[in-house]
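Subject: Structure handover, with notes on the aromatic rings

Hi there,

Here is the structure I promised to pass on to you.

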Amino acid sequence: MKKLSCYILLVLVACNSPKNQAENTENDNCKTCGMHSLPYPKWNVTWKNTNQTKWFCSPRCMFIQVHKTPSLVNPSDSLLVTDYYTQNRMAAQKAFFVIGSDITSPMGHDFVPLQDEKAATDFMTEHKGKQVLRFEEVNNEVIKNLGK
Ligand SMILES: [Zn+2]
């Protein structure tokens, strides 16, 4: 299974590098939806492993990928999201994500990252959030029902 995942990853990387560029060349299209990610610095997610940096256009696309193909995301990989208020980057595993608020990302309803519980509580009040979730609490059911 792990071999197959590596193979799929290699094929994906190969497909994304049509010009045979240097190996550290970054492709900033979202790995889930294909959208150009850099125009949305407040929302995009940096996905770094030892070999390369990849992007998701938003936390929603990150969670879709994490749950669709968990084997592609190693525990040692770094997933960086941006705090809504301070714009500080932080590990997604440490963030508090608010759902059901009146703030939307380029993907529509999304998971708004906050750096601590206080910020998440303030955001809930200011933007009519419905729920605060930690990284490990997000599952396919939550993703599917986002915005409902
Ligand atoms: Zn995306």
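Below is what turned up around the aromatic rings. Please keep in mind that this is a predicted model.

The structure holds 8 aromatic pairs. Let me start with Phe63 and Phe135, whose rings are tilted, with 40° between the planes and 5.4 Å from centre to centre. This pair brings together distant parts of the chain, 72 residues apart: Phe63 belongs to helix α2 (residues 59–68), while Phe135 lies in the loop between β7 (131–134) and α4 (140–144). Phe63 counts as buried because its relative accessible area is 0%. Phe135 has a relative accessible area of 16%, which is under the 20% cut-off, so Phe135 is buried too.

Another pair to look at is Phe97 with Phe111, an edge-to-face arrangement with 90° between the planes and a centre-to-centre distance of 6.4 Å. Here again distant parts of the chain are linked, 14 residues apart, with Phe97 in strand β5 (residues 96–99) and Phe111 in the loop between β5 and β6 (112–114). Both of these residues, Phe97 and Phe111, are buried.

The charged end of Arg134 sits over the ring of Phe96, at 3.8 Å from its centre. Likewise, Lys54 places its charged end over the ring of Trp47, 4.2 Å from the ring centre.

Best wishes

Note on methods:
Residues are numbered from 1 along each chain as its sequence is written. This is a predicted model: local features need pLDDT of at least 70, side-chain atom pairs count only at pLDDT 80 or more; totals for chains, interfaces and linings use all residues. Side-chain values use heavy atoms; hydrogens and water are left out. Rings of Phe, Tyr and Trp (its six-membered ring) pair if their centres lie within 6.5 Å; planes under 30 degrees apart count as stacked, over 60 as edge-to-face and the rest as tilted. Helices (H or I, at least four residues) and strands (E, at least two) are DSSP runs, numbered from the N terminus. Buried means under 20% relative accessible area, exposed over 50%, partly exposed in between (1.4 Å probe, protein chains only). A charge sits over a ring if NZ of Lys or CZ of Arg is within 6 Å of the ring centre and within 35 degrees of the ring normal.
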